[in-house]
Amino acid sequence: MSAPSTLLVQKYGGSSVGSVERIAAVVARIARDRAAGFDVVAVVSAMGDTTDELLALASSVTGGTLPSAREQDALLATGEIQSAALLAMALIARGTDAVSLSGAQAGISADGTFGKGRIAGIEPKRVRAELDAGRVVIVAGFQGVSDGSETTTLGRGGSDTSAVALAAALGADRCQIFTDVRGVYTADPRAVPAARQLAVVGYEEMLELANQGAQVMQTRAVELGWVNNVAIEVLSSFEEHPGTVIKEDTQVEKRNKVRGLAADTKVAKVTMVAVPDRPGIARSVFDPLSAANINVDMIVQNVSHDGTTDLSFTTSRVDLDAARPLLEEIRASIGARALEIDERVAKVSIVGAGIQNAPGYAARMFGTLADAKINIQMISTSEIRITCIVSESDAPRALQALHDTFDLATPDAVDAE
């Protein structure tokens with residue numbers, strides 16, 4: 001086994017650098033790690049609510065119309081650059097040599113559309129050179145540069161992706177994600193007070209939890225950690241407390257079969273009513289949505305009656321403004337009778353690598369929701385997940401009831417050893 005890396009890649013979220021006092025706390029942590037002999041690369045998000053404030057500013061100068069996607073990315077990227085420069089200044093003032101780099105300067109290339117870019121590759125020559133010169137390297141997260149030299153943002157949570165990708169490119173054994181929570185919980189503790197922090201969670205389980213609405217980690221960041229075998233440690237910026245490590249979990253068979261719950265209240269259900277039941281209809285619906293970079297999640301098609309069927313699917317509410325006119329065009333082109341959009345729904349999921357080989361978990365989930373008088377509108381499954389669409393107002397009760405049913409407040413036997 002190779003010797004542990006002396007490099008720490010850390011990511012600090014918006015709340016972690018949200019004020020002068022919080023930046024001072026980050027500086028103290030980095031200085032302490034440097035004194036312990038570590039090289040440090042810190043990836044930062046925009047301060048506090050800066051991204052939302054910049055979006056509001058863009059809306060105000062465009063009179064409420066959608067701004068140019070290119071210019072919006074150019075604007076939003078400045079939030080992270082501001083955080084990086086301020087943190088570097090603070091470190092230098094304390095006596096710790098540091099340098100701030102934009103995503104492009106750090107060698108992060110991105111592809112995809114503006115606002116939804118994906119990291120295409122990293123060539124961290126500049127980062128290595130600055131580390132070799134004895135500096136702490138502060139990288140602006142959430143951004144990269146396209147082949148056409150255009151600044152491209154990576155979507156919400158993109159700083160997590162920047163950090164994990166840099167950790168992989170630099171050969172770090174672990175990437176630390178500092179945020180405003182202690183780690184990953186069995187459910188959102190704001191909705192389920194008895195939710196328990198997990199010491200370890202597997203990549204596959206964390207990927208499903210993130211996909212289904214758990215907001216602790218960004219999905220792409222977990223994927224990159226898994227593919228590159230980079231352990232990800234989620235920690236609190238505000239207190240000294242053990243976090244949660246996301247890695248291959250060799251103890252999965254000894255743990256509770258259901259590892260955690262997730263809820264996503266930022267979804268909408270779209271139904272094409274009375275769609276002609278003929279070959280090619282599904283392609284006619286989903287090809288245009290794909291071309292417009294509108295993601296579709298759960299899909300349910302009813303049994304055909306009298307030559308027509310209803311086709312329902314979910315998508316992000318964020319995409320609805322762009323999707324509505326396109327959906328109406330699709331409805332008219334395929335001859336569907338009506339288009340129905342419900343923005344008052346939520347996804348509720350149980351996740352666990354153990355449920356794929358154990359019977360009865362779907363029945364227990366459905367029975368729990370039935371006992372709580374919660375109606376299930378759609379159902380979707382994977383090997384390690386069962387997801388139900390319910391009314392948004394029912395989501396908190398669903399989480400609490402499921403948390404009780406699957407006894408998630410009780411520590412796993414392996415954790416208690």
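**Labels and their cut-offs**

Modeller: Start with Val41. Val41 touches Leu7, Leu8, Val9, Gln10, Val127, Leu131, Val137, Val139, Leu166 and Leu170, leaving out residues up to four places away in sequence. Contact here means heavy atoms within 4.5 Å. This is a predicted model, in which local features need pLDDT of at least 70 and side-chain atom pairs count only at pLDDT 80 or more, while totals for chains, interfaces and linings use all residues. Residues are numbered from 1 along each chain as its sequence is written, and side-chain values use heavy atoms, with hydrogens and water left out.

Biologist: Which residues touch the most other members of the largest nonpolar core?

Modeller: Val9, Val41, Met206 and Met217 do, in a core of 46 residues. Helix α5 (residues 158-170) gives the most to this core, with six residues. Apart from this core lies another, of 24 residues, including Ala187, Ile355, Tyr361 and Leu402. A nonpolar core is a set of buried Ala, Val, Leu, Ile, Met, Phe, Trp, Tyr and Cys residues joined through side-chain atoms within 4.5 Å. Helices (H or I, at least four residues) and strands (E, at least two) are DSSP runs, numbered from the N terminus.

Biologist: Why is Ala231 called buried?

Modeller: Buried means under 20% relative accessible area, exposed over 50%, partly exposed in between (1.4 Å probe, protein chains only). Ala231 has 12% relative accessibility, so Ala231 counts as buried. Ala231 is found in strand β11 (residues 231-236). Beyond four places in sequence, Ala231 touches Asp173, Arg174, Cys175, Tyr203, Val245, Ile246 and Lys247.

Biologist: And what makes Ser16 buried?

Modeller: Its relative accessible area is 0%, so Ser16 is buried. Ser16 lies in the loop between β1 (7-12) and α1. Leaving aside neighbours within four places, Ser16 is in contact with Arg22, Ile23, Val26, Phe178, Thr179, Ser237 and Phe238. Ser16 and Ala46 are 30 residues apart in sequence and 9.7 Å apart in space, C-alpha to C-alpha.

Biologist: What makes Asp97 and Arg135 a salt bridge?

Modeller: The rule asks for a side-chain nitrogen of Lys or Arg within 4 Å of a carboxyl oxygen of Asp or Glu. In the pair Asp97 and Arg135, the closest N and O atoms are 3.4 Å apart. The pair links distant parts of the chain: Asp97 sits in the loop between α3 (69-94) and β3 (98-101), and Arg135 in the loop between α4 (125-132) and β6 (136-140), 38 residues apart. Asp97 has 38% relative accessibility, so Asp97 counts as partly exposed. Arg135, at 28%, also counts as partly exposed. By this rule the count comes to 21 salt bridges.

Biologist: How far apart are N and O in the salt bridge of Arg126 and Glu130?

Modeller: The distance is 2.8 Å. Arg126 and Glu130 are four residues apart in helix α4, so about one helical turn separates them. Arg126 is partly exposed because its relative accessible area is 37%. Glu130 counts as buried, at 9% relative accessibility.

Biologist: What do Lys347 and Asp297 tie together?

Modeller: Their side chains meet in a salt bridge (2.5 Å, N to O). Lys347 lies in strand β16 (residues 338-351) and Asp297 in strand β14 (residues 296-301), so the pair ties together parts 50 residues apart in sequence. Lys347 is buried because its relative accessible area is 3%. Asp297, at 37%, is partly exposed. Elsewhere, salt bridges that share partners join Asp97, Arg126, Glu130 and Arg135 into one network.

Biologist: Why is α1 called oblique to α3?

Modeller: The axes of helix α1 (residues 20-35) and α3 come within 10 Å and cross at roughly 60°. Axes are lines fitted to C-alpha atoms, for helices over the stretch in contact, with angles from 0 to 180 degrees between N-to-C directions. Angles under 35 degrees count as roughly parallel, over 145 as roughly antiparallel, 65 to 115 as roughly perpendicular and the rest as oblique. That makes α1 oblique to α3. Ile23, Val26, Val27, Ala28, Ile30 and Ala31 in α1 meet Leu86, Leu87, Ala90, Leu91 and Arg94 in α3.

Biologist: How do α8 and α9 run relative to each other, and why?

Modeller: The axes of helix α8 (residues 281-291) and helix α9 (residues 320-334) come within 10 Å and cross at roughly 160°. So α8 and α9 are roughly antiparallel to each other. Ile281, Ser284, Val285, Pro288 and Leu289 of α8 make the contact with Leu326, Leu327, Ile330 and Ile334 of α9.
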